[in-house]
Amino acid sequence: MKPGPTASGQLLALVALFSGVASGVVLKAIGATPPGEAIALRSAMAFAVLALVVLARRRGEARLIGPRGGLRAVLDAVAALCFSLAIFEIPLALLAAIHATLPIVSVILSGVLLKERLRALNWLALALACAGTLLILQPGLAFSPLGIGLALISTLAYALRDIVTRLLPPRTDTIRIALVSLALAGSLAALLPGQAGWVMPPARDLSLIAAAAAGFIGANVLIIAALRRAALSQIAPLRYSSVLWSLGFDALLWGYLPDLAGWTGIGLILLAGAVQIRAGRPTFHKDLP
């Protein structure tokens, strides 16, 4: 039996979220290359791959970007740049925990702007996940105020990006939107001052940047496909999986292990996912204007 549009959208979202976390892990492991330069090179590599995809496609009917596509590209560029810079400032688990507030923002915006009907269990799932996130964000963690600010800005920008994605016309060329976003993010990152200026990255860093670009492409392309198949209220709770994956990578690579409060938070997040599944399928409009 083939999965329905909601189930396939959720599966694509999970793969996209894991790809995004993996890209961040690889980016954080980069050594000598300054952050701005690493982000700019990652954007350039991803741009080159997607540009080849566009050139290799068969010519068909005209594909458009339009004003909404342009707005999505700007929001995505701002969100991706702030998120990538935050990776170098705070632990991945902390960054993912802050981004766990994204479902709350996305669902509220979808209810207000997209008129998606929400059920009581949807809100209960979000409340449980929020409580779990607060436990993970317990006092005592060493963090950078700049990193926290960048994480919050990227969260809001991503929520607005998701709303705009759901409003894209059917003929919108999402790959071209991704190209515009990468060009904007890469250009802004290239303008950031490096501590020692631009340097020639060592071979190890170049390999890591290429791997980060691959994960970045997967995350952006797949999340677009997911949001075209499922409602935001179905996609949003899945973002909590990023917290679990980030905690796992932090433990394996950097030796960070949560304490009792952290594990309690993880349990609440898993419970929130179970409640969301129990909530069933909300009203979903396939084609939005």
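Predicted model: local features only at pLDDT ≥ 70, side-chain atom pairs only at ≥ 80, totals over all residues.
Residues are numbered from 1 along each chain as its sequence is written, and side-chain values use heavy atoms, with hydrogens and water left out.

Let's begin with the charges. Side chains of opposite charge can pair when their charged atoms come close. Here there are three salt bridges, where a salt bridge is a side-chain nitrogen of Lys or Arg within 4 Å of a carboxyl oxygen of Asp or Glu.

Please find Asp-76 and Arg-161, whose closest N and O atoms are 2.8 Å apart. The helices here are DSSP runs (H or I, at least four residues), numbered from the N terminus.

Arg-161 also forms a salt bridge with Asp-162, at 3.1 Å between the closest N and O atoms. That links Asp-76, Arg-161 and Asp-162 in a network. Are Asp-76 and Arg-161 buried or exposed? Both are buried, meaning under 20% relative accessible area, with a 1.4 Å probe and protein chains only. Arg-161 comes in at 4%, and Asp-162 is buried at 0%.

The remaining pair to show you is Arg-204 with Asp-205, at 3.5 Å; Asp-205 is buried too, at 2% relative accessibility.

The whole structure has two cavities of 30 Å³ or more. On a 1 Å grid over the protein atoms alone, a cavity is a set of points where a 1.4 Å probe fits but cannot get out, and lining residues have an atom within 4 Å of a point.

The largest cavity has a volume of about 460 Å³. Of its 27 lining residues, the closest to the centre are Leu-17, Gly-20, Val-21, Phe-83 and Tyr-158. Which helix gives the most to this lining? It is α1, with six residues.

The second largest cavity holds about 50 Å³. Helix α8 gives the most to its lining, with four residues.

Note on methods
Buried < 20%, exposed > 50% of the residue type's maximum accessible area, 1.4 Å probe, protein only. 1 Å grid on protein atoms, 1.4 Å probe; cavity = no way out; pocket = protein on both sides within 12 Å on 5 of 7 lines; lining within 4 Å. Points joined across faces, edges and corners; volume = space filled by probe spheres on them. Helix = DSSP H or I, 4+ residues; strand = E, 2+ residues; numbered from the N terminus.
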